[in-house]
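Me: I'd like to go through the helix packing and the pockets here. Can we start with the term we'll need for the angles?

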Amino acid sequence: QSETIQTRHILLIVSGAFSGLESIIRRRLAAGLPSASLERWDINRLLAQVTTSDLIAYGLEPEFVGRLPVRVACHGLDEGDLFDVLRKSESSLIHQYERAFDAYGISIEFKDDGLRRLAHLASDERTGARGLMTVSERVLRDFKFELPSTGVKRFAVTRALVDDPTAALRQLLAEHEREGRAVMRQLVQEFGERFAKEHGLRSEEHT
């Protein structure tokens with residue numbers, strides 16, 4: 001038995017990248033605009049000119065296109081937008097990485113210069129907010145694998161780290177090793193002082 005759905009209070013949204021649609025729009029506009037002027041139009045401006053005939057030429061069924069009365073072209077996210085996604089969105093990657101490292105007792109801090117650099121690299125990917133995950137994983141992958149097996153308890157994501165994560169990781173591990181040796185020397189010294197005091201020993205310097 002077939003069922004009928006009342007769509008009066010249902011909003012249907014059809015979205016997608018529609019890759020190549022801008023070429024169809026450009027060819028149509030070329031008939032009435034100087035080519036030199038049209039060449040300066042970016043993809044956002046082109047997509048804003050989409051018509052029913054463009055969508056049909058793209059391959060969509062006319063009956064389907066006729067049921068989409070409102071059309072909106074979304075602008076791509078620029079570097080500033082991607083920075084805001086990282087810094088302000090509730091489900092930001094920042095929080096995901098904070099939780100991931102916190103599970104190993106490691107505190108990760110994201111500096112603004114590091115976030116802006118991540119946003120800049122993500123904008124070069126030209127995949128919107130998805131580019132943030134691509135770039136962040138590329139930068140922090142080795143940190144996720146290496147640090148849990150060390151005693152490192154905190155580190156900061158700066159522009160220098162984003163630009164050269166391998167060197168930053170190597171420096172972080174070297175600093176931790178130096179700090180560990182310094183702590184060990186301090187512990188040995190304190191033990192020696194306590195031992196000497198408890199047993200009445202005195203050290204003499206020889207020249």
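Predicted model: local features only at pLDDT ≥ 70, side-chain atom pairs only at ≥ 80, totals over all residues.

Me: At what angle do α8 and α9 pack?

Reply: About 120 degrees, with the axes 8 Å apart. Helix α9 covers residues 130-146. The two helices are therefore oblique to each other.

Me: Which hand is the crossing of α8 and α9?

Reply: Right-handed.

Me: And which residues make the contact?

Reply: From α8, L118, A119, L121, A122 and E125. From α9, G131, L132, T134, V135, S136, R138 and V139. By class, the contact of α8 with α9 has seven nonpolar, three polar and two charged residues.

Me: Now α6 and α8. How far apart are their axes?

Reply: 8 Å, at an angle of about 130 degrees. α6 spans residues 79-88 and α8 spans 112-125. This pair is therefore oblique. α6 passes α8 in a right-handed crossing.

Me: Which residues of α6 meet α8?

Reply: E79, L82, F83, L86 and R87. On the α8 side they meet D112, L115, R116, L118, A119, H120, A122 and S123. The residues of this contact divide into seven nonpolar, two polar and four charged.

Me: How does the lining of the largest pocket split by class?

Reply: It has 23 nonpolar, 10 polar and eight charged residues.

Me: How much space lies in the second largest pocket?

Reply: About 190 Å³. Its lining consists of F155, A156, T158, A160, L161, D164, A167, A168, Q171, L172 and E175.

Me: Which element gives the most to the lining of the second largest pocket?

Reply: α11, with five residues. The elements giving two or more are β2 (154-157), α10 (159-163) and α11 (165-198).

Me: And the classes in the lining of the second largest pocket, how many of each?

Reply: Seven nonpolar, two polar and two charged.

Definitions and conventions. Residues numbered from 1 in each chain as written. Heavy atoms only, no water. Axes fitted to C-alpha atoms, helices over the stretch in contact; angles between N-to-C directions. Helix = DSSP H or I, 4+ residues; strand = E, 2+ residues; numbered from the N terminus. Parallel < 35°, antiparallel > 145°, perpendicular 65-115°, else oblique. Left-handed = near helix turned anticlockwise from the far one by under 90°. Contact = heavy atoms within 4.5 Å. Nonpolar A, V, L, I, M, F, W, Y, C, P; charged D, E, K, R; others polar. 1 Å grid on protein atoms, 1.4 Å probe; cavity = no way out; pocket = protein on both sides within 12 Å on 5 of 7 lines; lining within 4 Å. Points joined across faces, edges and corners; volume = space filled by probe spheres on them.
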